[in-house]
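Please keep the sequence and the coordinates at hand while reading.

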Amino acid sequence: MTGFLVAVINQLLMRPFDLPRFLGEVVFIACFSNFINLFTSLFSALDLPDLPLPWRLVAGLLGIMTLGCSISFYQRANLLMHPNDDTTNILRFMYCKNKVVRAQLINFNVPLLLTGICWLATGKVYAVNIGTPPLPPGQRADDCPG
């Protein structure tokens, strides 16, 4: 749902409405969500969230490096984009005078703000990474409140 809403916001930022771009973002997010679920299940089956912190740090750094390279490749191809990555491009080229760092800071502060609001409302933050505690046994991230 979040990806769909970001795709709608992208259309509002761009004007006029670009149906092929919108549909591409929705298709991308539908596939991306399934891959996230697949990898979350795989990493949970491998007990990655329960490994000692140094091993989780190594896994996290390898994941960040892999993600950085893959995003660079696919943004250059610019065929289908994740709505959040497209937002960075829209902000960069249409609103931030080609300053990518400024566009990324604006784009990534929105989820940080929403995470902060959720934390204030629930007192908890659930995620699949090294910075938050593992989920309780038998609980899935989509079962969490908020």
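The text below treats the aromatic pairs and then one threonine.

The model is predicted, so local features need pLDDT of at least 70 and side-chain atom pairs count only at pLDDT 80 or more, while totals for chains, interfaces and linings use all residues. Residues are numbered from 1 along each chain as its sequence is written, and side-chain values use heavy atoms, with hydrogens and water left out.

Rings of Phe, Tyr and Trp (its six-membered ring) pair if their centres lie within 6.5 Å, and the planes count as stacked under 30 degrees apart, as edge-to-face over 60 and as tilted for the rest.

| Pair | Centre to centre | Angle between planes | Class |
|---|---|---|---|
| F4 and F22 | 5.7 Å | 70° | edge-to-face |
| F17 and F22 | 5.7 Å | 50° | tilted |

Together, F4, F17 and F22 form one aromatic cluster.

Relative accessible area is called buried under 20%, exposed over 50% and partly exposed in between (1.4 Å probe, protein chains only). F22 is therefore buried at 12%, whereas F4 is partly exposed at 36% and F17 is exposed at 54%.

T87, which lies in helix α4 (residues 83-95), is buried because its relative accessible area is 7%. Leaving aside residues up to four places away in sequence, T87 touches V6, N10, L13 and N107, where contact means heavy atoms within 4.5 Å.

Terms used
Helices (H or I, at least four residues) and strands (E, at least two) are DSSP runs, numbered from the N terminus.
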